[in-house]
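Student: Can you walk me through this one? I'd like to go piece by piece.

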Amino acid sequence: MRYTVQAATAADVAHIANKMSENGGASSAVNHLLRSCAFSRQLWAARDLAGTPAALWGVVPAPDHPETGRLWMMLVESDEQDRQDLADSSRLVVDEMLTEFGELENIVAADSSDAIEVLSRMGFHLGPPLPTQMDAPLQRRAWLDAGESAFADLPRVLN
């Protein structure tokens, strides 16, 4: 595997935010990333062999259902092999998140084939397009229950 996954550091977040800015990301998107990091109960980074962050994952409790974690991801790399490797690397992250939340969910643009590919590879279920307001882009709910995680059948080690 080309990536190692560890708890994210402030340097990882800064690197990803800088990459977003360099790639023409709006300041509102960078601010949204920083807020997401601040409110996440868990924050993980995937680093390449040189130690450079390529992705961040976090999970924020859903305001209306605190037992549900809202998974978010920021991938800097975007070719197909990177997406596959990052999705494969994220399986342990997802399992760790599911030790704290009974369910993970994400709302994704229905036409975002890259995001759908990554979530599917991570084992998430994808629902049909959600009803939207007029002229709003179609979205789909992706979810994964704790009993369906990649390692659900393995015994958990408790500290």
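Student: OK, where is the place of Thr68?

Tutor: Thr68 is in strand E4. Helices (H or I, at least four residues) and strands (E, at least two) are DSSP runs here, numbered from the N terminus. Before we go on, this is a predicted model, so local features need pLDDT of at least 70, side-chain atom pairs count only at pLDDT 80 or more, and totals for chains, interfaces and linings use all residues. Residues are numbered from 1 along each chain as its sequence is written, and side-chain values use heavy atoms, with hydrogens and water left out.

Student: Got it. Is Thr68 buried or exposed?

Tutor: Thr68 counts as buried, at 7% relative accessibility. Buried means under 20% relative accessible area, exposed over 50%, and partly exposed in between, with a 1.4 Å probe and protein chains only.

Student: And which residues is Thr68 in contact with?

Tutor: Leaving aside neighbours within four places in sequence, Thr68 is in contact with Val60, Pro61, Ala62, Phe101, Glu103 and Glu105. Contact means heavy atoms within 4.5 Å.

Student: Zooming out, in what order do the strands of the sheet come?

Tutor: The open sheet has 7 strands in the order E1-E2-E3-E4-E5-E7-E6, with mixed pairing. Two strands pair if DSSP finds at least two bridges between them. E1 (4-7) and E6 are the edge strands, each pairing on one side only. From one strand to the next, the twist averages 25°. Axes are lines fitted to C-alpha atoms, for helices over the stretch in contact, and angles run from 0 to 180 degrees between N-to-C directions.

Student: How many bridges join E5 to E7?

Tutor: There are 7 between E5 (residues 103-109) and E7 (residues 139-145), and these strands run antiparallel. Glu103 stands opposite Asp145 there.

Student: What about E6 and E7, how many bridges?

Tutor: That pair has 3 bridges and is antiparallel too, with E6 covering residues 125-129. Leu126 has Ala142 as its bridge partner in E7, and Pro129 has Arg140.

Student: Now helices. What does H2 lie across?

Tutor: H2 (residues 27-39) lies across E2 (42-47), E3 (53-61) and E4, at about 60° to E3. H3 packs on the sheet as well, touching E1, E2, E3, E4, E5 and E7, and its direction makes about 35° with that of E3.

Student: Which residues of H4 are buried?

Tutor: In H4 (residues 113-121), they are Ile116, Val118 and Leu119. They line one face of the helix, because seen down the axis of H4 they fall within an arc of 165°; the arc is that of the directions from the helix axis to the C-beta atoms. The elements covering them include E4 (68-75), H3 (80-97), E5, E6 and E7. Just after H4, Gly123 takes a positive phi of about 100°.

Student: How many salt bridges does the count come to?

Tutor: The count is 8, where a salt bridge is a side-chain nitrogen of Lys or Arg within 4 Å of a carboxyl oxygen of Asp or Glu. One of them joins Asp85 and Arg2, with the closest N and O atoms 2.7 Å apart. Asp85 in H3 and Arg2 in the segment before E1 are 83 residues apart, so this pair links distant parts of the chain. Asp85 counts as buried at 11% relative accessibility, while Arg2 is partly exposed at 36%.

Student: What does Arg121 form a salt bridge with?

Tutor: Its partner is Asp88, the closest N and O atoms being 2.9 Å apart. Arg121 lies in H4 and Asp88 in H3, so the pair ties together parts 33 residues apart in sequence.

Student: And which residues are linked in a network of salt bridges?

Tutor: That network links Asp64, Arg70, Glu103, Glu105 and Arg141.
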